[in-house]
Amino acid sequence: MTSAYEPWNEARGAAIIAEHDKLEGATLVILHAMQEAFGYVPEPAIPMIASALRLSRAEVHGVFTFYHDFRSEPAGRHVLKLCRAEACQAAGGDALAARAEAKLGVSLGNTTADARVTLEPIYCLGLCATAPSAMLDGRVVGRLDESRLDALVAEAQR
Amino acid sequence: MTMRIFVSRDAGAVAVGADEVATALEHAAIKSGVAVEVIRTGSRGLYWLEPMVEVATSQGRVAFGPVAAADAPSVFEAMTAGSPHPLRLGVTDEIPWLKRQTRLTFARCGVIDPRSAKDYCDHDGYRGLERALTLTSDEILTEVTTSGLRGRGGAGFPTGIKWTTVAQASADRKYIVCNADEGDSGTFADRMIMEGDPLVVIEGMTIAGVAVGATKGYIYIRSEYPHAVAAMNAAIAAARRTGYLGERILGSSHNFDLEVRVGAGAYVCGEETSLLESLEGRRGIVRAKPPLPAHKGLFGRPTVINNVLSFAAIPFILAGGAKAYADFGMGRSRGTMPIQLAGNIRYGGLFETAFGVTLGELVDDIGGGTLTGRPVRAAQVGGPLGAYFPRTLFDTPFDYEAFAVRDGLIGHGGIVVFDDGVDMAKQARFAMEFCAVESCGKCTPCRIGSTRGVETIDKIINGERIAENLAVVEDLCNTMKFGSLCALGGFTPYPVLSALKHFREDFGPAPVTLQAAE
């Protein structure tokens, strides 16, 4: 599978900014759109956003770094997020997270050496009545147990 | 006649295979040559039965669940023949877990197609707005105030007073903001209603706009809820097409439109002033109050900011009248509360009921105890900032004041159940750790206190000078509780102190002199 994301391109970045810069409080909207297009927020995009919104680079950088969602570099080919909040903890999520870390050979918050899988914690998918839960590239999965988790990890590694 | 089959498209149902079941049912229909329409609804909230599928019959809808894709052919056969099936649950409305509820806010959730304005209107939708448009602003505000509705986000502030404050403020423009940053673990009512009945939220916000004189609203949804974002956007488009949003709503003189904005993974943005900062495109740093958002909110303008469930309660209040709503509940907690049963629980899901039901009834009777079958040891009520209750406090009625008296809070109505395998020192540590990670950093008690809290609890877990370090934790908690700017630092002490008070044995041996007096 090849990456669904486009390589960074200044003209494309400028077009994304132009699409949204008339909105009230557009910074987050533009950062989301950048990440959707490129898979992360490329560093050169920050001063471009700042100048379009008449903000300082520091202000945009500050917003970019405040929020957990925004990446400064591309993630692995697949992103597996495991819910680590209380409801999933109560349903055995701790052991499953440890199992996923062992299977992938990385700790939560990291990408495998072959750049195939990024394993991340997430704090609540709102699937607390079908816990423990996870999200693989935007697809939600509930009622995880060892075998369902193993299948999910294997799918991510493909 | 075309057979009508209903399958949930709620994320909680999709996560356990609802999409595959819907496809399998369609295949079974094609194979049998029976004309079938599969309608994707929201969830009824009976999550242990998801994927639950329903079929329209002359007796009403009949449910089957939990259905796996492999069960689809036999379930379909039972539907067409009206014959028995091991997964047949009977008439949906007669399922005891559903029948025991009082569904005012969630009446349509799981019943209608959430993307269809027609389906919404066919099920009593938009009656509240239609009536509101015949009333003056003052009359609407009186209805909301006398209903006794209190903010369902957690703080429980009277909604009518908030709206009146905004209505009385003068400004060039005002805003309606819906807080859909439902970050508390164990809560999913906002997500469910946005996915299952988004138009009720839109209607509630529109009524707010008419009441206070605002023409623009924002719904701030967390990025962890992509299904809710899609559902809300589809519903907004449907409302615009049918004249319920936009200029001159339903031919009146009122204009109102809505926009969805997506968060970016910061828990603190559920705090209203932090959310407003984020909506303005800034770091989600908490603002000091006053000024209140009702005076200076979004972009410095008077702003009504309410939780999803508060807005969702409004159409019923306007359509049925304030008294019909206020007749439910106890004490100063009027109306119904959508309670969410989660974690290690046998019958997890959404249970909307009048205030006053006890925690024990919710956990043991309605929730059926733990899924693992082991004894219930603790229930955390109200999210990551809520207290852990031991069994001895399970007689506490679900009511804002009753929980406060016992050093707890009902918050957004989430209950997370833990069995006897839980280590409460670890849970207390997690509360501090979560606060440290999610702190916006503006105030010192939260930013530094939470980090020191993690370190000190680690010392206790390692058996270092336990009594002294417990005193440090209590002292830190007091500083955080009284010195923090918002509920993140201010309420993190609830889970920590409740774990210490009720589950002291998990924090190492207690010296004789420090034995709890209670």
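**Close-up views of a predicted two-chain model**

**View 1. Helices α8 and α10 of chain B.** Trp163(B), Val166(B) and Ala167(B) of α8(B) are in contact with Ala208(B), Ala211(B) and Val212(B) of α10(B), as seen in this predicted model. By class, this contact between α8(B) and α10(B) comprises six nonpolar residues, with no polar and no charged ones. The axes of helix α8(B), residues 159–168, and α10(B) come within 8 Å of each other and cross at roughly 45°, which makes α8(B) oblique to α10(B).

**View 2. Helices α10 and α13 of chain B.** Helix α10(B), which covers residues 198–212, and helix α13(B), which covers residues 308–320, have axes that come within 7 Å and cross at roughly 75°. The two helices α10(B) and α13(B) are therefore roughly perpendicular to each other. On the α10(B) side the contact is made by Val200(B), Val201(B), Glu203(B), Gly204(B), Met205(B), Ile207(B) and Ala208(B), while α13(B) contributes Val308(B), Phe311(B), Ala312(B), Ile314(B), Pro315(B) and Leu318(B). In the contact of α10(B) with α13(B), eleven residues are nonpolar, one is polar and one is charged. Ala208(B), one of the residues of α10(B) listed here, also takes part in the contact with α8(B).

**View 3. Strand β1 of chain B and its two pairings.** Strand β1(B), residues 3–8, pairs with strand β2(B), residues 36–41, in the parallel sense over six bridges, and β1(B) also pairs with strand β3(B), residues 53–57, in the antiparallel sense over three bridges.

View 4. Five strands of chain B form an open sheet in the order β13-β12-β16-β14-β15, and the pairing is mixed. At the edges stand β13(B), residues 349–354, and β15(B), residues 388–390, each with a single partner strand, so one side of each is left without a neighbour in the sheet. From one strand to the next, the twist averages 30°. Within this sheet, β12(B) and β16(B) pair in the parallel sense over four bridges, and the bridge partner of Ala342(B) in β16(B) is Val416(B). Helix α21(B), residues 493–502, packs on the sheet, where it touches β14(B), residues 376–381, and β15(B), and its direction makes about 20° with that of β15(B).

**View 5. The side of chain B that touches chain A.** Between the two chains, 42 residues of chain B are in contact with 34 residues of chain A. Four elements of chain B, namely α1 (11–14), α12 (272–279), β12 (336–343) and β16 (414–419), each supply at least two residues of the side that touches chain A. The largest share of this side, four residues, comes from β12(B). Sorted by class, the residues on this side of chain B are 20 nonpolar, 15 polar and seven charged.

View 6. Strand β1(A), residues 78–83, and strand β4(A), residues 134–136, pair in the antiparallel sense over three bridges, and Leu80(A) has Leu136(A) as its bridge partner in β4(A).

**View 7. Four annotated cysteines of chain A.** According to an unreviewed UniProt entry, the annotation "binding site" covers Cys83(A), Cys88(A), Cys124(A) and Cys128(A). Cys83(A) has its place in strand β1 of chain A.

**View 8. The domains of the two chains.** Chain A is divided into domain 1, residues 10–66, and domain 2, residues 78–157, and the centres of these two domains, taken over C-alpha atoms, are separated by 30 Å. For chain B the domain assignment gives domain 1 (3–99), domain 2 (117–326), domain 3 (329–419) and domain 4 (424–514). The C-alpha centres of domain 1 and domain 4 of chain B lie 47 Å apart.

Note on methods
Residues numbered from 1 in each chain as written. Chains lettered and ligands numbered in written order. Predicted model: local features only at pLDDT ≥ 70, side-chain atom pairs only at ≥ 80, totals over all residues. Contact = placed C-beta atoms within 7 Å. Nonpolar A, V, L, I, M, F, W, Y, C, P; charged D, E, K, R; others polar. Domains from an automatic or database assignment. Pairing = 2+ DSSP bridges. Axes fitted to C-alpha atoms, helices over the stretch in contact; angles between N-to-C directions. Parallel < 35°, antiparallel > 145°, perpendicular 65-115°, else oblique. UniProt positions renumbered as here; feature names shortened; annotations may be inferred.
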